[in-house]
Amino acid sequence: MKWIRRLLIFVILIGAIGYGVYHFGTKIAAEKIMDYYVEELASSPVMNDVKEKINSNPQIQEFLNEGANIDESVLPFTTKEEAAKELVSKFGASEIVDIVTDVSDGVSEQEQLELLQKVEGKLSEEELLALQVIAYKELNNQ
């Protein structure tokens, strides 16, 4: 009887440790991946191309300028790092890597719409507003 109790305790401990490693390990790995891509994108010439495309498109400029008038106290996140963590939790690191790879090769208008629909499908209205505010700040160096 004693050995069954010990076996049961051992199995429960191994299960708890396994869950902890999986739960926290994936979060740590996702954060490291996002830190790498945020840093890579910030130092990449692709960012300048994106800024030029945004500045040449009045519809996108208007959309992003709306971010200047949003009350940040009601947003779920307000920094690039928090946004990156939220995006990793919603999309997953591999899906984000795929999106970055596709976007870096250039996207057509149809692909932009598909990407926008995918993002709108996974993020809430508040999260989209938070991204809008972050994009506005980033593009206007605030």
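Modeller: Lys90 is partly exposed, at 33% relative accessibility; this class lies between buried (under 20% relative accessible area) and exposed (over 50%), with a 1.4 Å probe and protein chains only. The model is a predicted one, in which local features need pLDDT of at least 70 and side-chain atom pairs count only at pLDDT 80 or more, while totals for chains, interfaces and linings use all residues. Residues are numbered from 1 along each chain as its sequence is written, and side-chain values use heavy atoms, with hydrogens and water left out.

The side chain of Lys90 meets that of Glu127 in a salt bridge, at 3.4 Å from N to O. The term requires a side-chain nitrogen of Lys or Arg within 4 Å of a carboxyl oxygen of Asp or Glu. This pair links distant parts of the chain, for Lys90 belongs to helix H4 and Glu127 to helix H7, 37 residues apart. Helices are DSSP runs (H or I, at least four residues), numbered from the N terminus.

Glu127 is one of the buried residues of H7, together with Ala130, Gln132, Val133, Ile134 and Tyr136. These buried residues pack against three helices: H3 (58-65), H4 (80-91) and H6 (109-122); contact here means heavy atoms within 4.5 Å. Helix H7 itself covers residues 125-139, 15 residues in total, and reaches 21 Å from its first C-alpha to its last, close to the 21 Å expected. That expectation is 1.5 Å times one less than the number of residues.

A search of the whole structure finds three salt bridges, and Glu95 takes part in two further pairings, described next. Lys118 and Glu95 meet through their side chains at 3.7 Å, N to O. Lys118 lies in helix H6 and Glu95 in helix H5 (residues 93-104), so this pair ties together parts that are 23 residues apart in sequence. Lys118 is partly exposed, with a relative accessible area of 35%, whereas Glu95 counts as buried at 19%.

The side chain of Glu95 also meets that of Lys122, at 3.1 Å from N to O. Here again distant parts of the chain are linked, with Glu95 in helix H5 and Lys122 in helix H6, 27 residues apart. Lys122 counts as partly exposed, at 33% relative accessibility. Through shared partners, the salt bridges join Glu95, Lys118 and Lys122 into one network.

Definitions and conventions. Helices (H or I, at least four residues) and strands (E, at least two) are DSSP runs, numbered from the N terminus.
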